[in-house]
Amino acid sequence: MKKVAIVGAGIVGICSAYFLKKSGFDVTVIDKEEPGSMTSFGHACSFADYANVPINYPGLIWDLPSMLLKKDGPLTVDFFYILKNLPWAIKFLRNCKKDKVDEIASSLTNILKHSHLSYDEIFKDINVSQFISNEENLYLFDTKKSFDDYDYANKIREKNNVKVRNLTKDEVKELEPNIEDVYYSGQLFKGSKHTTNPLAISQKIFKVFLELGGKYIKKNVKNIINRNENIEIIIENNNIYFDKLIICAGAWSNQIANMIGENFPLDTERGYHILFETSERLIKRPVAWSESGFYLIQVHNGLRAAGTVEIAGLNKPPNMKRIKMIERQSRKVLPQLGKIKSTWMGRRPTLPDSLPIIGKSPRNSNVIYAFGHQHLGWTLGAVTGKIVNTIVNDQKPNIDIEAYSPNRF
Ligand SMILES: Cc1cc2nc3c(=O)[nH]c(=O)nc-3n(C[C@H](O)[C@H](O)[C@H](O)COP(=O)(O)OP(=O)(O)OC[C@H]3O[C@@H](n4cnc5c(N)ncnc54)[C@H](O)[C@@H]3O)c2cc1C
């Protein structure tokens, strides 16, 4: 039986482990943290199969100054960090040309449309229905201008057959009466779903993986030596040998790739969440607030406000100004919110073209990469796991994965 190592137990690693174990491999997951406890824990909970509009968009470069000056805007950057990492920023901006954006949107649609079906394959064996809600996501436009500016996104969605429904203010009020009267209009993403407890889903899938005979080592991967005959993974005082290696360590994946002499333009978009106490259920569905770029989601233990983008690298401590901003704006939309129970910062793994890398390493034939899922890793966890499984089985995936190739940079 072939021995497969998976580095990273976020949702991508967990789903890959599940599919590979079911295929009969001897699978070991290695992570320094508890499974599902990093970026895959604190996100905005959406199975966002509609989210095919990349954050690269034509005209972004011209909008940047006003975005950055906006007091409670969705984006903030650490200029010293950007200056040190200029090549990534330049590559990112190069992907904002109209043709390129159309291409990226179509490649995102291509994988997103398999996302629900792939989770269904897992969920037919593992019952997580108590953690999933079918109430569709609602996007709230703060002003007419933000509604009008969204036209380009609507066109991309329409072109790729993603269904939305525009709502007047009164229609929004009917759906979500507790929201304060601070918005212009809304939009519903048809057929979207969300979870009320991402960690519980990750843990349940991982538990079944272990019950099937999968192994878990809670250690930091220090180094990797790839030889033709095997792959040696060095974890603290131990060396372990495998036939295949899957690298799905989210925002840290390039650090692991560097260990085997490869390098990718991976950076991180940091995001935050606040968990508020609520004495009652305030909203039925995830509600996105356009002014500040976060979602409000009623989760199992309160109300989570999650989102925003900060470009400041992996290592800087959390920026409390962002937390304050999210609190201020959340209370503006939902003044009934109670006390803050906890706060969190996570690191989205982002490549300059907003597409993930899923495929065999160009230089190390026993290594498979699966990372860079930016704002969509929760949505794309299962479909990525399925693709990884077909690659390890030397089969052809039923999705064209050329656009996600590790060779493209
Ligand atoms: C605020 C916010 C909101 C979001 N909202 C959504 C949403 O609504 N829908 C959606 O689809 N996506 C959303 N995302 C994106 C999504 O959360 C991520 O894309 C996804 O969680 C990435 O999963 P992953 O498995 O690649 O990485 P992670 O979950 O980060 O897992 C990577 C793992 O690798 C491990 N690791 C790293 N280095 C090492 C090492 N040297 N040795 C051992 N282990 C190592 C880490 O400990 C970690 O457990 C959001 C993200 C943020 C920040």
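Predicted model: local features only at pLDDT ≥ 70, side-chain atom pairs only at ≥ 80, totals over all residues.
Domain 1 takes in 3-41 + 200-265 + 354-408, while domain 2 takes in 58-99 + 134-193 + 267-350. Between the C-alpha centres of domain 1 and domain 2 the distance is 29 Å. Where the domains meet, 12 residues of domain 1 are in contact with 11 residues of domain 2. On the domain 1 side of this meeting, 4 residues are nonpolar and 8 are polar, and no charged residue is found there.

An open sheet is formed by 6 strands, which follow the order β10-β2-β1-β14-β21-β20 with mixed pairing. Its edges are β10 (215-217) and β20 (357-360), each of which pairs on one side only. On average, and with direction ignored, neighbouring strands of this sheet are turned by 20° against each other. At one end of the order, strand β2 (residues 26-30) runs parallel to β10, and 3 bridges join them.

The ligand is surrounded by 40 residues, and the closest are Gly10, His43, Gly250, Gly271 and Gly377. Two or more residues of this shell come from each of α1 (11-22), β15 (267-276), β18 (302-311), β19 (340-350) and α13 (377-392). Sorted by class, the shell holds 19 nonpolar, 17 polar and 4 charged residues. Both domains take part in the shell, with at least three residues drawn from each of domain 1 and domain 2.

The strands β15 and β19 run antiparallel and are joined by 10 bridges. In this pairing isoleucine 274 is found opposite threonine 343 in β19. The pairing of β15 with β18 is also antiparallel and extends over 6 bridges. Here tyrosine 272 faces glycine 307 in β18. Of the 10 residues of β15, 9 are buried, and β15 is therefore largely enclosed by the rest of the structure.

A residue in a loop was examined as well. Proline 362 has its place in the loop between β20 and β21. With 14 other C-beta atoms within 10 Å, proline 362 is partly exposed. This class applies because the count falls between the limit for an exposed residue, 12 or fewer, and the limit for a buried one, 20 or more. When neighbours within four places in sequence are left aside, proline 362 is in contact with Pro406 and Asn407. Proline 362 and glutamate 262 are 100 residues apart in sequence, yet their C-alpha atoms are 8.9 Å apart in space.

Technical notes: Residues numbered from 1 in each chain as written. Near = placed C-beta within 6 Å. Helix = DSSP H or I, 4+ residues; strand = E, 2+ residues; numbered from the N terminus. Nonpolar A, V, L, I, M, F, W, Y, C, P; charged D, E, K, R; others polar. Domains from an automatic or database assignment. Pairing = 2+ DSSP bridges. Axes fitted to C-alpha atoms, helices over the stretch in contact; angles between N-to-C directions. Contact = placed C-beta atoms within 7 Å.
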